[in-house]
Amino acid sequence: MKKVFLSACTLLSLMKLQAQQKDSAFVPRKLHIDEINLVSSYYHQDGNNSAVTGGIGTEKLTDIANVLDIKLFRYDRKGRKNNFGLEMGIDHYTSASSDKIDLKANSSASSADTRFYPSVNWSRENETKGSTFGGGLSFSNEFDYQSIGVNVLYAQKTRNRNGEFTARLQAYLDKVKMIAPYELRSPSNEDVEDEGWKNRNSYSGSFSWTQVINRNLQVAVLADVVQQNGYLGLPFHRVYFTDGSVHQENLPDSRFKIPVGLRANYFLGDRFIFRAYYRYYSDNWGLSAHTADLEVPVKISPFLSISPFYRFYSQHAVKYFAPYGGHTGKDEYYTSNYDLSTFNSNFLGAGIRWAPVNGVFGWQHFHMIELRYGHYDRTNGLNSNIVSLHLQYK
Amino acid sequence: MKYILCAACTGLLVASCVNVKEYQKQKLNDSEMVLGNRKIQKTETSFQVYREGASGANGGKTGGGCGCN
């Protein structure tokens, strides 16, 4: 009897163990909300080198941007994690320089616009193999610009899960509405709606390698190869020649860009994080640039952090740039767009992030709130301020 | 000379890699340690793409998709 009892106990234990093993392997296949993010920003800039008026005149611009993004996931029959992302963005801006497409107008239709940009993406992660495959679609629409984007990505982690290689291919098929400065339109073609559209296509390959160095340090090496074809200027940008004549900006119909970047994030002690970034950029229009960025989140408590940041940027102008009245009729290509001129810029600010364990204001699913302010100064006079708010629901 | 220095630094960094187990990644998994731009930087990155000639190599836009450079 004792042997029977012991055998029954052993059998029951084995059955229970087997059931536990099954339970631990079980993953729910229902669609789950991973997180919902809302990012709202207010941006204001001012300067006196507007490309619409040939490199002189106001660059005053205000933009209000809102982006809602929803991340979902579910596991399939083979235990692979499927991630779904839906994003919806709306920007509304008012621009004093765009208003000068018609120099006589006090307030024209081009003084304000709304940009609408939804996107969807999907990726499938095989957690056993450490590989991810995915893709996405995007769309953007504003009065004078339309864009359709498509991308595919593949990522592979190393066997010890401390390194990951990612390759992403992207294509943007864009259209620019040919809105000429008012005085350069033919008398029979003053209605902007009749001036048609031109294509601008951008193809890029983005590659990155991320590596854990130790428990506190991880780095990423990033490189892109970008080819753009089509109409690459903007039709309402004026260029004034030395003889006083006015022309539409004219730029080559091809541009090849190579940016290379390095990121390093280091957790010092229990309170300080150093987020460093450097990028070198070069293209075949002659523009080269260096970007250096350092952000130092300081953890006041496990749930509250303050993040001062500083970014330095320096660029050398494209070979087609000259200021107002600087181009001659001998120039094949010409622009007075100061965004493509030689300058340095400084961007300085701070953010505050609060993610209490019981949720923001005691609401458990209201996971995090973050506020960030930055001031931007360019050596050619343009300056701007930006305030952003990020709310996260989990 | 600078290429040799870069290669030496990279070599040194790779050589100093240690095998970190998942349960040892508490700090690396902190949301502020993410190796990329954070969500709140979305509009900042966007205005920089408009106001500067360079873009890309930051996990975001490389060109196209907006009336920018």
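Good morning. Chain A exposes about 20,100 Å², and carbon and sulfur atoms supply 61% of that area. Please keep in mind that what we are viewing is a predicted model.

Let me stay with chain A for a moment. One helix and 19 strands are found in this chain. Chain A has 394 residues, and 45% of them count as buried. Consider next the contacts in chain A between residues at least 6 apart in sequence: 58% of these join residues that are at least 24 apart.

I now turn to the partner, chain B. How many residues of chain A are in contact with chain B? There are 87, and they meet 48 residues of chain B. The size of an interface is often given as the accessible area lost when the parts come together. Between chain A and chain B the buried area is about 5,500 Å², with carbon and sulfur atoms giving 50% of it. Which residues of chain A lose the most area to chain B? They are A:I213, A:R215 and A:R263, which together account for 11% of what that side buries.

Let us look at the interactions across this interface. The rule finds 10 salt bridges between chain A and chain B. One of them pairs A:K299 with B:D30, whose closest N and O atoms are 3.2 Å apart.

Finally, the side of chain A that touches chain B draws its largest share, nine residues, from strand β12, residues 254–268. By class, this side of chain A has 34 nonpolar, 28 polar and 25 charged residues. Thank you for your attention.

Terms used:
Residues are numbered from 1 along each chain as its sequence is written. Chains are lettered from A and ligands numbered from 1 in the order in which they are written. This is a predicted model: local features need pLDDT of at least 70, side-chain atom pairs count only at pLDDT 80 or more; totals for chains, interfaces and linings use all residues. Side-chain values use heavy atoms; hydrogens and water are left out. Helices (H or I, at least four residues) and strands (E, at least two) are DSSP runs, numbered from the N terminus. Buried means under 20% relative accessible area, exposed over 50%, partly exposed in between (1.4 Å probe, protein chains only). Contact means heavy atoms within 4.5 Å. Accessible areas come from the Shrake-Rupley method with a 1.4 Å probe; for residues, only the protein chains shown count as cover. Buried area is the accessible area (1.4 Å probe) that two parts lose on being put together, summed over both. A salt bridge is a side-chain nitrogen of Lys or Arg within 4 Å of a carboxyl oxygen of Asp or Glu. Ala, Val, Leu, Ile, Met, Phe, Trp, Tyr, Cys and Pro count as nonpolar, Asp, Glu, Lys and Arg as charged, and the others, Gly among them, as polar.
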